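Please keep the sequence and the structure in view while reading.

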Amino acid sequence: MTWNRKHLLDIQSLSAEEIFIVLDTARGFKAVGERAIKTVPALRGKTVVNLFIEPSTRTRISFELAAQRLTADVINFTAEASSLKKGETLKDTARNLEALNADIIIIRHSATGAPHFLSRFLNASVVNAGDGAHEHPTQALLDVFTIREKKGRIEGLNVTILGDILYSRVARSNIWALLKLGAKVTLCGPSTLVPRDFERLGCRITHDVREAIENADIINLLRIQHERQRKTMFPSIGEYASLFGLNRARLALTKPDVLIMHPGPINRGVEIDSSVADCSRSVILEQVTNGLAVRMAVLFLVNGGKGPQEIRA
Ligand code: CP
């Protein structure tokens, strides 16, 4: 099978085979990134636009560097300094970027479905860098890439996602990817933040943090998405940290080879203690490193690449 999609809008619509194409292509690009000369001409002459209407550190910088490593021209759109502030619509903004010959538009937006909307009228490829609480596909791809690299497989692993599931696009994309690749997914957090709906997809739900972490091969921690919550979903940050935060005492209950993951940004002392974030089992910064290779793979594939067979490391 070869890649045949112009856009990357979500994980839900991908098959397991398509996810493996991205992961195997990313493996090739990771090897390229370990060479003395880290650039390849795969996107020479192409223009990539980072259209970020919501804040980002990791995703925006990672996509920018990924595009540069592929020798594309990169434009970083800054919403605060743009004509969106004067009332220009997202549609008009995107069409103007396309009029400047944008080949790939990477969009982050607070509205669910914004990337899907753009893909309906643009000729450019559209890549979802996070839409509301819906999906964050490249985060899930870099997460499963990291799990596979560390554990050698994904199928059969026990993965616990602990935190604010309700408002998390990272949770949704991870759940789709992990279930498609055969992992067993447990969701844990306050009952107000862990929707029962996910049981229908095949996730296990518990509100007992000990039960959630003691058999986990992977614990993926999520921060509280204050920017998306419309009301307080738990009494206090202190209570959340004491009931659900991963601290040294809780880490002692886990398997000795558990991987601690977090998409960032981390809130030290809330969902994760510093002693856990910085411990030897934490792969949080390796996730960031792998994000570069994964995003190079995504840009390469949506631009017409077929798969890992085209990458010479
Ligand atoms: N993981 C993630 O999306 O981080 P940023 O918001 O910094 O891009």
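## The second largest pocket

Lining the second largest pocket are 16 residues, and those nearest its centre are Ile266, Arg268, Ala277, Ile284 and Leu285. The model is a predicted one, in which local features need pLDDT of at least 70 and side-chain atom pairs count only at pLDDT 80 or more, while totals for chains, interfaces and linings use all residues. Residues are numbered from 1 along each chain as its sequence is written, and side-chain values use heavy atoms, with hydrogens and water left out.

A pocket here is an open set of points on a 1 Å grid over the protein atoms alone, where a 1.4 Å probe fits and protein lies on both sides within 12 Å along at least five of seven lines; lining residues have an atom within 4 Å of a point. The volume of the second largest pocket, about 190 Å³, is the space filled by probe spheres set on the points, which are joined across faces, edges and corners. With four residues, α11 gives the most to this lining; helices (H or I, at least four residues) and strands (E, at least two) are DSSP runs, numbered from the N terminus. The lining of the second largest pocket has nine nonpolar, three polar and four charged residues, where Ala, Val, Leu, Ile, Met, Phe, Trp, Tyr, Cys and Pro count as nonpolar, Asp, Glu, Lys and Arg as charged, and the others, Gly among them, as polar.

## The largest pocket

The largest pocket has a volume of about 440 Å³. It is lined by 28 residues, of which Arg108, Arg169, Arg223, Gly264 and Pro265 are the closest to its centre. Two or more lining residues come from each of the elements α2 (58-69), α5 (137-151), α6 (169-180) and α11 (284-302), and α11 provides the largest share, five residues.

By class, this lining holds eight nonpolar, twelve polar and eight charged residues. Because domain 1 (16-135 + 291-310) and domain 2 (137-287) both give residues to the lining, the largest pocket lies between them; the domain bounds come from an automatic or database domain assignment.

## Helix packing

The axes of α5 and α6 are 8 Å apart, and the two helices pack at an angle of about 50°, which makes α5 oblique to α6. Axes are lines fitted to C-alpha atoms, for helices over the stretch in contact, and angles run from 0 to 180 degrees between N-to-C directions; those under 35 degrees count as roughly parallel, over 145 as roughly antiparallel, 65 to 115 as roughly perpendicular and the rest as oblique.

The axes of α2 and α11 come within 8 Å and cross at roughly 55°, and these helices are therefore oblique to each other.

## Backbone features

Most residues other than glycine have a negative phi, and most peptide bonds are trans. Gly264 and Pro265 are joined by a cis peptide bond, with omega about -5°, and Pro265 is found in the loop between β9 (259-261) and α10 (274-277). Thr71, in the loop between α2 and β2 (73-78), has a positive phi, near 70°.
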